[in-house]
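Hi,

Here is the structure I promised to pass on.

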Amino acid sequence: MVAVNRVFAAQLAGLPVFGPDGESIGKVRDLVIGLRVDRQPPRVLGLVLELATRRRIFVPMLRVTSIEPNAVTLATGSVNLRQFHQRTNEVLVVGELLDARVRLGSGASAVLVDAAMEPTRTRDWRMSRVAVRERTGRLARRGPVQVLRWEEISGLSVTELAGQPQGAQHLVAVFETMRAADVALALHSLPSKRRYEVAEALDDERLADVIEELPEEDQKDLLAHLDEERAADVLEAMNPDDAADLLGELPETEKERLLELMEPEESAPVKRLLEYSYDTAGGLMTPEPVVLAPDATVAEALAHVRNPDLTPALASMVFVCRPPTATPTGRYLGCVHIQRLLREPPSDLVAGVLDTDLTTLTPRATLSDVTRYFATYNLVCGPVVDEDDHLLGAVTVDDVLDHLLPDNWRETGLTHA
């Protein structure tokens with residue numbers, strides 16, 4: 001028996017989903033409704049669930065046995081693992097309805113901020129209520145929210161949704177609690193119009209994180225949609241290796257124009273990476289690893305690897321070089337693994353705990369060379385050093401995997417184990 005009588009979409013998004021025996025299945029990411037020609041409440045067809053593997057699947061509402069404030073339970077733990085594909089006349093409530101402009105019965109314009117579904121006597125669910133905020137002027141968004149019956153509004157046909165300009169304030173609010181990779185997966189499943197609206201609403205840093213997780217074609221499409229100045233700002237906010245990969249796929253004139261618009265200190269490392277083929281250590285590396293001088297202490301090294309902006313792979317190793325410590329550095333002296341740092345007194349110098357025996361990668365090392373290197377030494381991060389012993393950057397295992405997986409792996413998701 002369903003535990004609640006009215007469920008708002010924005011509250012449902014992100015809830016964990018369990019099978020009848022308590023086994024974890026995934027998380028709710030959206031609701032799918034079938035819009036009607038008349039103004040009667042549309043039927044809720046089912047939920048879009050995201051599995052642990054990031055694959056998105058569809059579960060019919062008849063399979064839902066309970067919806068609690070903190071979880072959703074299904075009638076059976078066996079689910080169809082086919083990738084979710086949206087059909088004609090189907091609408092994603094969170095992805096497409098939030099922030100839509102609607103008309104009230106009075107003729108006034110309003111913004112839809114949420115929608116609620118309720119069960120019927122036939123065990124169906126209907127999208128029966130909408131929460132709207134009337135647009136009366138510049139401060140309209142700060143006005144009161146009204147909860148109305150679906151029949152009391154208009155403007156939500158498939159044609160009207162596709163044609164009207166739409167903000168993304170409330171959809172972005174839903175995305176705030178999601179990882180960049182999960183937001184990218186959600187964006188990929190949206191119509192291009194909605195994808196552009198979300199991109200325009202995200203700040204540069206967040207958009208950069210999301211673009212890094214998108215398939216290549218989506219990356220190029222979004223970058224082309226942005227005006228040149230903003231596109232350059234977003235490229236500056238991206239990791240240099242990801243920015244270089246994206247720029248390397250653009251026509252030469254467009255690439256040069258964007259590099260010209262970037263700040264010189266931001267474009268310089270990207271230009272260095274573009275000198276190497278994408279499938280070499282030089283093309284794979286990031287030019288911003290953790291680099292310290294030999295007189296730095298273990299405590300300082302640990303403070304640097306605690307930086308939350310570092311990936312776990314990049315935080316696994318500290319590189320020690322003679323000044324300058326910005327890449328390309330002075331003479332490379334060696335590296336220190338984080339496990340070693342955790343075992344040493346904080347006041348000791350990193351120079352005293354160096355691993356000087358670890359083989360380094362050359363910038364021209366091929367992808368197969370890099371793969372064998374990681375397998376041989378059981379590493380997740382490795383130094384890239386030129387013939388003059390200057391540290392150029394570091395390759396991490398996630399960059400290697402990106403290039404070993406099929407080109408469309410972000411689009412298809414992973415198969416369920």
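Is Lys220 buried, partly exposed or exposed? Lys220 counts as partly exposed, at 21% relative accessibility (buried means under 20% relative accessible area, exposed over 50%, partly exposed in between, with a 1.4 Å probe and protein chains only).

Before the rest, please note that this is a predicted model, where local features need pLDDT of at least 70, side-chain atom pairs count only at pLDDT 80 or more, and totals for chains, interfaces and linings use all residues. Residues are numbered from 1 along each chain as its sequence is written, and side-chain values use heavy atoms, with hydrogens and water left out.

Lys220 forms a salt bridge with Glu217, with 3.2 Å between the closest N and O atoms (a salt bridge is a side-chain nitrogen of Lys or Arg within 4 Å of a carboxyl oxygen of Asp or Glu). Both residues lie in helix H8, three residues apart, about one turn of the helix (helices are DSSP runs of H or I, at least four residues, numbered from the N terminus). Glu217 is partly exposed too, at 49%.

Asp221 forms a salt bridge with Arg195 (4.0 Å, N to O). That pair links distant parts of the chain, Asp221 in H8 and Arg195 in helix H6, 26 residues apart. Arg195 is buried, at 9%, whereas Asp221 is partly exposed, at 28%.

In helix H11, Arg257 forms a salt bridge with Glu260 at 3.3 Å. Arg257 is partly exposed, at 33%, and Glu260 is exposed, at 59%. The structure holds 19 salt bridges.

Best wishes

Terms used:
Helices (H or I, at least four residues) and strands (E, at least two) are DSSP runs, numbered from the N terminus.
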